[in-house]
Amino acid sequence: MNARLSLASIILLLALFFAGTALAVKPDEMLPDPALEARARALSEGLRCMVCQNQSIDESDADLARDLRVLVRQRLVAGDTDQQVMDYVVSRYGEFVLLKPRFDLRNALLWGTPVLLLLVGGVFIVLTARSRRSTATNALTTEEQAALDKILGN
Amino acid sequence: MVETGHFALVLAFALSLVQTVVPLLGARLNNQRLMAVGGPVAVTGFALTALSFAALASAYASSDFSVASVWENSHSLQPLIYKITGTWGNHEGSMLLWVLILTFFGALVAAFGSNLPATLRANVLAVQGAIGAAFFLFILATSNPFIRLNPAPIEGRDLNPILQDLGLAIHPPFLYLGYVGFSICFSFSVAALIEGRIDASWARWVRPWTLVAWMFLTGGIAMGSYWAYYELGWGGFWFWDPVENASFMPWLAGTALLHSAIVMEKRSALKIWTLLLAILTFSLSLLGTFLVRSGVLTSVHAFATDPTRGVFILCILTLFIGGSLALFALRASRLTTGGLFHPISREGALVLNNLFLTTATATVLVGTLYPLAVEAFSADKISVGAPFFNLTFGPLMVPLLLVVPFGPLLAWKRGDVFAVAQRLMVAFAAALLATLVTALFLDGASVFAALGVGLAVWLILGALTDLAVKSGFRTVATGVMVRRLLGLPRSVFGTAFAHLGLGLTTLGIVGTLCFGTEKILSMHAGETVELSGHTLRFVGLYPAQGPNYAEDRGRFELIGVSGSPVGEISSAKRFYPVRQMTTTESGIRTIGFSQLYISLGDEGKDGSVVVRLWWKPLVTLIWGGGLMMMAGAAMSLMDRRLRVGAPSRRRKQASALPSATLP
């Protein structure tokens with residue numbers, strides 16, 4: 001279907017955006033404190049490389065991604081909490097940078113779809129099953145039962 | 001040859017118009033001769049498309065740079081295999097492959113559909129012809145692969161290096177066989193709506209087509225995932241990229257369709273739903289075409305700058321999805337509903353399966369389209385990436401996977417959930433044990449990791465329990481059991497294999513995500529590094545020359561317990577001069593079901609090289625599970641009752657049987 005080989009094209013697109021070697025986090029960026037570095041990695045996975053096609057800064061080779069990675073680490077070293085780092089990055093780059101959109105009114109439909117659909121679908125199934133059972137499978141009337149007994153020779 | 005191909009393509013377009021109009025008219029007027037036109041036209045259309053495709057492939061194979069598409073996507077120094085696969089490694093060629101497969105399926109219906117009711121067959125071929133006509137026109141009007149260049153260039157511009165891989169030989173054809181295979185289900189549904197009735201032969205026909213399409217789509221997605229894993233160089237196997245989602249949505253919907261079609265075939269219930277699902281599955285395939293082809297994914301504005309192709313596909317999309325859904329709304333109420341069942345029954349379990357799979361499909365759909373909608377209707381831009389899908393799709397899958405083992409063990413119509421639970425006691429106990437062992441004895445195992453392992457074990461043993469129960473394990477003598485096991489219908493094995501594959505894939509994902517380790521460091525030649533108990537020595541960086549690239553190959557030795565090397569892994573950075581592009585060739589060594597993965601980075605000034613290493617426990621099971629699911633589908637297809645023309649053959653056999661038993 002999709003005229004381009006789906007995965008092939010993401011590979012292609014990704015390649016176009018960072019026609020360098022595919023190595024993201026470099027040793028010289030990493031923080032000496034392993035706990036802090038682990039937090040930096042976790043945060044990086046949720047931040048989008050702004051010039052890439054759907055890639056986190058943790059995976060991307062672009063210069064802008066590197067700048068963001070360094071920025072995140074600087075904030076962590078300065079003593080920010082995870083939330084503060086994210087807020088800071090969003091204040092500078094906008095919500096586009098978040099790979100996980102915020103829970104807010106505008107994104108209500110996005111976050112609500114799974115729950116809503118599961119509920120609506122579930123209710124629909126229960127209601128259909130109920131209505132069909134009540135209309136279609138009535139018990140035998142006494143005469144029918146008597147006739148059946150007679151046939152069965154009871 | 002090239003002009004022959006071009007001409008054949010135009011003829012195929014003309015024939016597809018005939019295939020649309022004449023059989024439809026014949027079915028309307030109940031004219032046998034008009035209806036009979038559909039078959040030969042479909043077969044001829046396929047032959048012409050095949051000729052056209054062969055012409056393009058031969059232009060690629062012989063590096064005929066007077067053809068624009070070849071010039072843009074090929075090079076005389078490329079190995080022959082990449083010259084040939086390059087035929088579909090570009091927009092124009094891949095569209096031609098798309099219609100080739102479409103007409104192939106149409107020809108199959110024509111060739112094997114002699115036992116179908118004549119009007120149904122005519123209508124199916126007409127709908128199939130209409131889809132073909134739309135896409136032939138699309139190719140001829142906006143994406144013609146046969147455009148010539150004058151004067152012809154001496155040399156081509158090379159195929160994108162990333163695509164110069166065996167993955168290109170398998171992934172796109174499989175994916176298209178899957179996507180386009182669902183067009184048959186779509187055509188059958190629309191034909192049923194045109195006729196206003198669904199009968200037994202409808203269900204018996206649609207299920208094997210769904211199985212075939214699903215089997216190839218599973219293979220295509222698994223292959224693509226493995227390709228991205230080793231080619232992109234950072235070891236991810238699924239990125240929740242919109243383009244991936246475009247292939248995943250038809251797979252999810254197709255999986256739901258596969259299951260609802262079982263209910264329809266066996267119990268003639270869920271007719272209307274199955275019909276709708278068949279329409280939706282192919283609609284999602286068409287939607288994927290639009291998403292990928294129109295450029296709308298990069299940005300709504302990128303789409304607006306060159307909208308010719310995008311608008312064309314959008315029109316096709318609107319016509320077929322809108323048309324079929326409108327027809328559905330008009331006609332669905334005419335179709336009779338069948339078979340009643342109790343909520344606790346195999347039908348009930350399959351309805352639950354459909355509820356969760358459909359919701360999951362919708363979640364992926366909304367997640368993929370939401371950023372476009374926000375961008376189109378406001379000045380803002382948002383991203384919806386992996387963290388969103390993991391948070392929504394994941395929780396939807398867990399309950400579904402938990403009930404999978406119950407499904408095949410429940411009886412039709414009215415099941416006994418307690419009896420089934422009793423039979424699954426062993427699987428449940430083993431899953432519990434696996435969870436506890438993981439949590440207590442494996443270092444660094446989180447609660448999620450332990451539960452994940454438990455879930456995988458539950459799925460795997462649940463699938464085996466199904467086979468054990470149905471063959472009478474521990475209740476009959478071993479000899480009898482083996483005979484019963486071998487005598488089970490192939491479709492029972494199909495179900496068990498597919499569910500087993502699901503368990504293996506789950507295990508692979510949990511293993512890789514929860515127990516994988518990673519190291520990023522600068523290494524000098526001669527240095528060693530340890531990762532999860534494996535010692536690797538960096539031997540050095542060696543330059544080499546390929547047919548159309550130059551590479552730096554980093555060699556690593558795997559050091560055994562004795563201190564001597566037991567194997568070598570090499571990872572390379574390649575430079576393709578024509579496109580001025582660098583690619584990473586990851587170094588992979590498979591140990592058991594797990595893999596060591598090495599990716600090379602930049603060279604430092606002091607001669608050191610940045611190296612990224614991963615230990616990926618059980619990672620091969622992710623794709624192994626996919627292969628297992630394919631095997632399940634293949635096994636199900638071999639089931640006697642699904643074989644094309646099976647009813648007539650069975651009748652013959654039944655009449656032959658008494659004479660055979662006579663002394």
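## Strand pairing in chain B

In this predicted model, Ser522(B) has Val610(B) of β9(B) as its bridge partner. The two strands concerned, β1(B) and β9(B), the latter spanning residues 609-616 of chain B, are paired in the antiparallel sense over 7 bridges.

This pairing belongs to an open sheet of 4 strands in chain B, arranged in the order β1-β9-β8-β7 with antiparallel pairing. Because β1 (517-523) and β7 (587-591) of chain B each have a single partner strand, they stand at the edges, and one side of each is left without a neighbour in the sheet. From one strand to the next, the twist averages 15°.

## Packing of helices α18 and α19 in chain B

Two packed helices are described by the angle between their axes and the distance between the axes. For helix α18 (residues 425-441) and helix α19 (residues 447-470) of chain B, the angle is about 155° and the axes are 8 Å apart. Since angles over 145 degrees count as roughly antiparallel, α18(B) is therefore roughly antiparallel to α19(B). The crossing in which α18(B) passes α19(B) is right-handed.

On the side of α18(B), the residues that make the contact include Val426(B), Phe428(B), Leu432(B), Thr435(B) and Thr438(B), while α19(B) contributes, among them, Val447(B), Leu451(B), Gly454(B), Trp458(B), Leu461(B) and Thr465(B). Taken by class, the residues of this contact of α18(B) with α19(B) comprise 16 nonpolar and 5 polar ones, with no charged residue.

## Domain layout of chain B

Chain B is divided into domain 1 (1-164), domain 2 (203-309 + 330-402), domain 3 (404-515 + 621-636) and domain 4 (517-616). The centres of domain 1 and domain 3 of chain B, taken over C-alpha atoms, are separated by 43 Å.

## Contact between chains A and B

Between the two chains, 49 residues of chain A are in contact with 72 residues of chain B. On the side of chain A that touches chain B, the elements that give two or more residues are α1 (6-17) and α5 (108-136) of chain A, and the largest share, 12 residues, comes from α5(A).

The composition of this side of chain A, by class, is 29 nonpolar, 13 polar and 7 charged residues.

Conventions. Residues numbered from 1 in each chain as written. Chains lettered and ligands numbered in written order. Predicted model: local features only at pLDDT ≥ 70, side-chain atom pairs only at ≥ 80, totals over all residues. Axes fitted to C-alpha atoms, helices over the stretch in contact; angles between N-to-C directions. Parallel < 35°, antiparallel > 145°, perpendicular 65-115°, else oblique. Left-handed = near helix turned anticlockwise from the far one by under 90°. Contact = placed C-beta atoms within 7 Å. Nonpolar A, V, L, I, M, F, W, Y, C, P; charged D, E, K, R; others polar. Pairing = 2+ DSSP bridges. Domains from an automatic or database assignment.
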